Amino acid sequence: MNNNNNVLTIASRESRLALWQTNFVKDTLQKADANLQINILGMTTQGDKILDKPLSKIGGKGLFIKELETALLNHQADFAVHSMKDVPMEIPNGFALAAVMQREIPFDALVLGKNSQYKTLQDLPKNAVIGTSSVRREAILRKNFPHLQIKSLRGNLDTRLRKLDSGEFDAIILAAAGLKRLGLNERISQILPPEIFISSPGQGALGIEILQGNQHIQQILQPLNDLKTLLCVTAEREFSKQLGGSCQIPLGAFACFDEQGQNISINGFIAAVDGTTFLQHQIKNRQITTIDQAKALGKQLAENLLSQGANKILADLQK
């Protein structure tokens with residue numbers, strides 16, 4: 001980190017997608033202030049190294065951000081760029097989210113092998129092999145497409161596509177945002193219906209983390225903050241937090257404003273991994289203008305599912 005107030009360093013994972021996201025933040029900041037000189041500190045996280053086990057078995061979302069937070073603590077970097085869906089629901093003491101940027105497409109995408117004869121998830125035959133490392137997607141698939149086989153798939157986006165195209169899988173499910181950001185739109189065979197494939201909290205949004213109390217950096221990052229995205233993501237994350245949200249718990253939440261930009265609706269679910277128990281609820285058309293109101297909305301949605309029996313699902317998962 002540099003003593004010159006105009007020289008900044010961003011901590012980033014080194015995958016192609018992470019670096020695209022970090023460069024996007026860098027370019028956006030430099031458009032707002034041409035005097036800024038911004039360097040990128042590329043890092044490999046534990047989540048990038050351990051690829052032979054599902055995230056839910058090795059410690060979850062925090063594995064993608066711990067090294068970046070250490071760089072902030074050691075003053076090697078001024079801020080870190082994360083996919084919001086990788087950020088744990090409880091941000092550790094000493095850190096803060098300085099900005100949440102306007103969201104890219106927040107839905108899941110089906111990606112088929114290059115020579116596939118199929119077009120959609122509904123077309124796939126019995127025992128077709130679907131790749132995903134997400135317990136959320138697994139529960140949805142087991143409930144709605146029990147005739148398909150699910151196989152664990154880890155690695156960065158390019159690795160996953162390579163495994164698909166080499167024939168290890170008939171199809172894989174990825175976040176549409178990552179494919180779009182890397183210019184891989186042509187690989188999206190189908191945007192999966194969002195009322196069935198309810199997104200991971202924060203999916204499609206980028207978050208920027210700083211050391212708590214760093215007013216100088218907070219001020220520089222302020223133009224990146226998108227209030228509507230922040231309110232929606234806050235509601236989703238609070239829903240997840242109230243249900244102990246982690247990689248081990250199959251849950252999803254998606255909040256969005258209506259076309260007039262006035263009211264938020266939020267849809268959420270929690271399920272058993274095998275999809276046999278699946279609780280879902282939606283709250284529609286709430287006027288939300290503050291962070292506290294967004295948190296209250298997420299909490300209300302969680303309480304609704306707890307009243308339906310979410311506690312039993314959570315207790316069974318803990319066993």
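Predicted model: local features only at pLDDT ≥ 70, side-chain atom pairs only at ≥ 80, totals over all residues.
An open sheet is built from 5 strands in the order 2-1-3-10-4, with mixed pairing. Its edges are strand 2 (37-43) and strand 4 (95-100); each has a single partner strand, so one side of each is left without a neighbour in the sheet. On average, and with direction ignored, neighbouring strands of this sheet are turned by 30 degrees against each other.

Within the sheet, strand 1 (residues 7-13) and strand 3 (residues 79-83) run parallel and are joined by 2 bridges. Ala11 has Ala80 of strand 3 as its bridge partner. Helix 1 (residues 16-32) packs on the sheet, where it touches strand 1, strand 2, strand 3 and strand 10 (206-211). The direction of helix 1 makes about 165 degrees with that of strand 2.

In soluble globular proteins, nonpolar side chains tend to be buried together. The largest nonpolar core here has 24 residues, and the members that touch the most others are Phe239, Leu243, Ile264, Ile266, Ile270 and Leu297. At least two residues of this core come from each of helix 9 (227-242), strand 11 (251-257), strand 12 (263-271), strand 13 (278-287) and helix 10 (291-318). Helix 10 gives the most, with 8 residues.

Ile264 is one of the core members named above. When neighbours within four places in sequence are left aside, the contacts of Ile264 include Leu231, Ala255, Phe257, Ile283, Ile288 and Leu297, as well as Lys284, Asn285 and Arg286. Another core, of 21 residues, lies apart from the largest one; among its members are Leu124, Ile130, Phe145 and Phe278.

## Helix 4

Helix 4 covers residues 66-73, and its buried residues are Glu67, Leu68, Glu69, Ala71 and Leu72. An α-helix has 3.6 residues a turn, so residues three or four places apart point the same way. After helix 4 comes His75, which has a positive phi, near 60 degrees.

## Ser134

Ser134 sits in the loop between strand 6 (129-131) and helix 5 (135-144). Its relative accessible area is 17%, and buried means under 20%, so Ser134 counts as buried.

The side chain of Ser134 reaches two backbone nitrogens: that of Arg136 at 3.2 Å and that of Arg137 at 3.0 Å. The cut-off for a polar contact is a pair of N or O atoms within 3.5 Å.

Conventions:
Residues numbered from 1 in each chain as written. Heavy atoms only, no water. Helix = DSSP H or I, 4+ residues; strand = E, 2+ residues; numbered from the N terminus. Buried < 20%, exposed > 50% of the residue type's maximum accessible area, 1.4 Å probe, protein only. Polar contact = N/O pair within 3.5 Å; in protein donor to acceptor, adjacent residues only side chain to side chain. Pairing = 2+ DSSP bridges. Axes fitted to C-alpha atoms, helices over the stretch in contact; angles between N-to-C directions. Contact = heavy atoms within 4.5 Å. Core = buried A, V, L, I, M, F, W, Y, C linked by side-chain atoms within 4.5 Å.
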